[in-house]
Amino acid sequence: MLFRSNYKIASQNPRDNATWGFTRVAITNAVAPGDTVTLNFFPTAPLTPGIYNFQWRALQEGVEYFGEFSTPVAVTVTPPSIDGTFVSQTVPNPLLPGRRYNATIVMRNTGSRTWTAADKIRLESANPYDNTTWGLTRAYGSGDVAPGALAAFNFVITAPTNSGDYNFQWRLVQEGVKRFGPLTPNLVLRVPRSGSAAFVSMTVPDA
């Protein structure tokens, strides 16, 4: 019978590496000859993406390694992803020429990484990209957004001074890195001649 106090498994490939946050896992149950033991533990993935070896071997601490090596497993560590999707948007329609209005677009963080201020996640005007139809090319959220959580972008738009029908569409962007996620559904907002508008609020939920 194994004496539990100094029997462990040790990281291998290379020996005693701390790739997974520790080099030893203790065997806490006595194991009779011919029996098996299951060890449940929680390795911590490396911070740097890459391919890492996961392999172990039994030892009697301070005496010797013994038995076979565990089957080597090549574990791929991928970088946390940044992604998002549309949830809803609220904006008045129609609009008076040159007037300012509140707009809200709600997006969901569908990636595996929390959006922080350092990530510079914005909404970028689209259709076409970076247009200034509404007086700005970027809308800003506030606070960190964990994976699965919602981000509300509340911003003020300025209606064009000329009457007509205008596209209102946006897309998430990590500033200086890439656009990501789908475009918001395009809304055609109407700017009638001054004095002829009746105001309603338009909300478009995610399909």
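Visitor: Leaving aside its neighbours within four places in sequence, which residues is Ser-11 in contact with?
Guide: This is a predicted model, in which local features need pLDDT of at least 70, side-chain atom pairs count only at pLDDT 80 or more, and totals for chains, interfaces and linings use all residues. Residues are numbered from 1 along each chain as its sequence is written, and side-chain values use heavy atoms, with hydrogens and water left out. Contact means heavy atoms within 4.5 Å. With those neighbours set aside, the residues touching Ser-11 are Asp-16, Asn-17, Phe-22, Thr-23, Gln-55 and Trp-56.

Visitor: Is Ser-11 buried or exposed?
Guide: Let's start with the cut-offs: buried means under 20% relative accessible area, exposed over 50%, and partly exposed in between (1.4 Å probe, protein chains only). The relative accessible area of Ser-11 is 1%. That value is under 20%, so Ser-11 is buried.

Visitor: Which residue has its backbone oxygen 2.6 Å from a polar atom of the Ser-11 side chain?
Guide: Look at the contacts of Ser-11, which include Asp-16 and Asn-17. The backbone oxygen that lies 2.6 Å from a polar atom of this side chain belongs to Asn-17.

Visitor: Which residue in β4 is the bridge partner of Ser-11?
Guide: Ser-11 is in strand β1 (residues 7–11); strands are DSSP runs of E, at least two residues, numbered from the N terminus. Two strands pair if DSSP finds at least two bridges between them, and β1 pairs with β4 (residues 56–60) in the antiparallel sense over 5 bridges. For Ser-11, the bridge partner in β4 is Trp-56.

Visitor: How many of the 5 residues of β1 are buried?
Guide: β1 also runs antiparallel to β2, with 3 bridges joining them, and Lys-8 stands opposite Ala-26 in β2. β1 is largely enclosed by the rest of the structure, because its buried residues number 4 of the 5.

Visitor: What is the average twist from one strand to the next in the open sheet β2-β1-β4-β5?
Guide: The pairing in this sheet of 4 strands is antiparallel. Its edge strands, β2 (24–26) and β5 (64–69), each pair on one side only. Angles run from 0 to 180 degrees between N-to-C directions, with axes fitted to C-alpha atoms. From one strand to the next, the twist averages 30°.

Visitor: How far apart in space are Met-107 and Thr-78, C-alpha to C-alpha?
Guide: Met-107 is found in strand β8 and is buried, with a relative accessible area of 0%. Along the sequence, Met-107 and Thr-78 are 29 residues apart. In space, their C-alpha atoms are separated by 24 Å.

Note on methods
A polar contact is a pair of N or O atoms within 3.5 Å; within protein, one must be able to donate a hydrogen and the other to accept it, and residues adjacent in sequence count only if both atoms are side-chain atoms.
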